[in-house]
Structures are given as C-alpha cells and as structure tokens.
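Here's a quick briefing to read alongside the model. Have a look at the fold first, then we'll go through a few spots.

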Amino acid sequence: MIRLNLALQGGGAHGAFTWGVLDVLLQDPDIEIAAISGTSAGALNGAALKAGFLQGGAEAARENLDWLWTKMGATKAPGFADWMGAFGPAFLARALEHSMPFMMADWASRLMSPYAYGPFFSHPLKPIADEFHYDSVCAAQGPKLFVCATNVRTGKARVFQGADINTDVILASACLPTLFQAVEIKDTRTGQTDAYWDGGFTSNPALWPLYDKDLPEDLLIVNINPLERQELPRTPQQIQSRMNEISFNASLMGELRAIAFVQRMLKDGAVAPGSMKDVKVHMVADDALMNELNAVTKMVPVPQILAALKSAGQRAARDFLAKHKADLGQKSTVDLAALYGSHHGSQPR
C-alpha cells in the first residue's frame, strides 16, 4: 500500500480540476490517502472526500465529491455537455471576462464593501457547507484533515483540524475579502474571537501539518494556480488575476524552498539521517488549461468548464500514476530547484 499526503490548493471553481484528480486516486487500490491539507476549494474537496470515505470507503468518497460539485454547478443533464462542447473553455472564459454582467460586478466589487449589505449578507457557499457531515469530517479515523485560513488581525495562517472544523471554518478558508464579509470564529482554547479571510493569502495550502512523524514522506500537491503565464496581463481584470495568482503561490513556494533546503542538508550530511523528515514532493497540474481560463471562471461555475476541469484532472492524475507510481515512496518527482529558481535555473542564495 502506498500512503500519500495530499496538499490541495484553493482556486474557486477551478477546484473541479482537483475533483478529477481525487476521483482517479480513489479508484487506485494501491493508494491510501493518509492526510489532506486544503485551502478554499481544496478544503471543500478534502471535507467531502473524508466525510464520504468514512461513510462508505473510496466509492462513497467519489460519490460525495460528485454531490459537492453538482451543488457547485456541474450537471449530468443528457446532451448538455455535447451542446456546450461547441464552445471550448478558452472561448467561454474570454466571453465571460468581457461580458457586461461580469464587468459591472467587477466594477462594483472595487467600489463597494461586502459590509454594505449589512445583515442581508450571506456567504453563497454556506448552504453547501452546512450539509457536510461534520461528525465524519472531524473524526479521528480516516485521513487527517487540515483546513487553512488567514487571521485578519495578525496576518498569520491558522490551520484548523479535528473538532475545530465546522461550517464557519470552511467558509473562512474560502473568504475572499473583496467579495465576502470576514468570518468570525471563536478560539475554543483562548475564548478570543477573530475574523478570518481566505487561507490562500498565507498558506495555499499549508504543508507543515503534513510533516508529522506519523504521516508518510510522500506529498502530492494538486496545483490549480498556474505558476507561469507567458502572456503579459494587460486588462485590469488580467492584472488583478495574475497578482492574486502570484500572491497565492508565494506561501507554497516558500515552503517548497524550505523542503529543498532540508533535502540538501540531508544529502550533504549536514544533519543526521532521521533527524529531519525527508519529504518526497510530487505535483499534479495542468498549467496549459489554467492559462486558458481566468479569474471569472474561478468565480462563475460554468457547467461545461467544470466538466472540462474534472476531465483534465482525471487525465493529469492518470498520466502522473503511469509515469511516477513506481517512484512513490522512493524519490521526489518534482525538481524543486528548477521549480522555484530563476529563468536561468539558478537557485536563490
């Protein structure tokens, strides 16, 4: 049995890519998911997977993920995919970006605070988050689940786990401050109430909870925020989107640098073997597809795009397993120095 830790990025509706990846991993009898760290959509995917798994194993976990994304906007209506298939994801993404309703909503979000709605504000994900079976989500059995959010007061990441996870925590992890009011959560240990924003600002997702000695060394990151974009962003929407991608990837890059540093010390004999965890890093991504999409497709769950993202996630997971399944438990399949180095491949000093 191959035991894996999963790190699931946030990215709104683009989390349907992760849905596809998880669907394939859950069908592999050789893979056991030991722990999940998730932010925003990654937290939703992680909670749905764990709740389903504890209720009926891998197949129930797959069904629960299908339920989640059906609620998010996916559809199985006969003929719908064929009809919408005439319009590729890239065409739909551009059409949405330049549509009058989105441009007006985007303009309003820059001028109006979500607090302008006062007591009438309601987080759109709340009805979905309320339906999770938290007795299973918070259980000690099954994969460990870590949910990441950002403390507005301190600017620090907070990782919730076990009995601390509830509807408010899931909503906090997915709380974009320009769209949603901050989610207030009371700390059961200190009694202090703090407001939280999206975990992507400080941990997208947090890797450090997965370094526990009882967890496996293999870490599979499902990346849905493209690390690189070849085209220069020019419109206000494109510039804002790329700024968010860079900032939401920054914390992940920092943690990967730390892993690479430990790997070098272990390789050079600077630290004794076993004194620090030798994390083996793997990644599943489809930057080509994500470069065709944009900030609008993160916020507007178009059924055809959700279907395309799921299919892309399934393909990427199958390709990863075909190429690297034998490497799991043996070595990293990500060249960390190349991943976070400069254009010329040099490492930061």
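Is Lys 71 buried, partly exposed or exposed? Lys 71 has a relative accessible area of 41%, so it's partly exposed. Bear in mind that this is a predicted model. A search of the whole structure turns up 18 salt bridges, and Lys 71 takes part in one with Glu 131.

**Salt bridges**

- In the Glu 131–Lys 71 pair, the closest N and O atoms sit 3.1 Å apart. Glu 131 is in the loop between helix 6 (126–129) and helix 7, while Lys 71 is in helix 2, so the pair ties together parts 60 residues apart in sequence. Glu 131 is partly exposed too, at 38% relative accessibility.
- Lys 310 and Asp 66 meet through their side chains at 3.6 Å, N to O. This one links distant parts of the chain: Lys 310 belongs to helix 12 (residues 303–324) and Asp 66 to helix 2, 244 residues apart. Lys 310 counts as buried at 17% relative accessibility, and Asp 66 is buried at 18%.
- Asp 194 pairs with Arg 153, with the closest N and O atoms 2.8 Å apart. Asp 194 lies in strand 6 (residues 193–198) and Arg 153 in the loop between strand 3 (144–151) and strand 4 (157–161), so parts 41 residues apart in sequence are tied together. Asp 194 is buried at 10%, whereas Arg 153 is exposed at 53%.
- Arg 158, Asp 164, Asp 187 and Arg 189 are linked in a salt-bridge network.

**The β-α-β unit**

- Strand 7, helix 9 and strand 8 form a right-handed β-α-β unit.
- Strand 7 (residues 218–223) and strand 8 run parallel, joined by 6 bridges, and Leu 220 stands opposite His 282 in strand 8.
- Strand 8 (residues 280–285) is mostly covered, with 5 of its 6 residues buried.
- Helix 9 (residues 236–268) has 33 residues, so at 1.5 Å a residue it should span 48 Å; its end C-alpha atoms are 47 Å apart, which agrees.
- Helix 9 also bends by about 35 degrees at Ala 250, and just after the helix Gly 269 takes a positive phi of about 75 degrees.

- Ala 43, in helix 2 (residues 41–72), is buried at 0% relative accessibility. Its contacts include Val 147 and Ile 170. Ala 43 and Cys 148 are 105 residues apart in sequence but 7.6 Å apart in space, C-alpha to C-alpha.
- Ser 136, in helix 7 (residues 134–137), is buried at 10%. Its contacts include Lys 50 and Leu 54.

Notes: Residues numbered from 1 in each chain as written. Predicted model: local features only at pLDDT ≥ 70, side-chain atom pairs only at ≥ 80, totals over all residues. Heavy atoms only, no water. Helix = DSSP H or I, 4+ residues; strand = E, 2+ residues; numbered from the N terminus. Expected span 1.5 Å × (residues − 1). Bend = angle between axes of the 7 residues up to and from the residue. Buried < 20%, exposed > 50% of the residue type's maximum accessible area, 1.4 Å probe, protein only. Pairing = 2+ DSSP bridges. Right-handed = clockwise from strand over helix to strand, strands pointing away. Contact = heavy atoms within 4.5 Å. Salt bridge = Lys/Arg side-chain N within 4 Å of Asp/Glu carboxyl O. Lists of a residue's contacts leave out its neighbours within four places in sequence.
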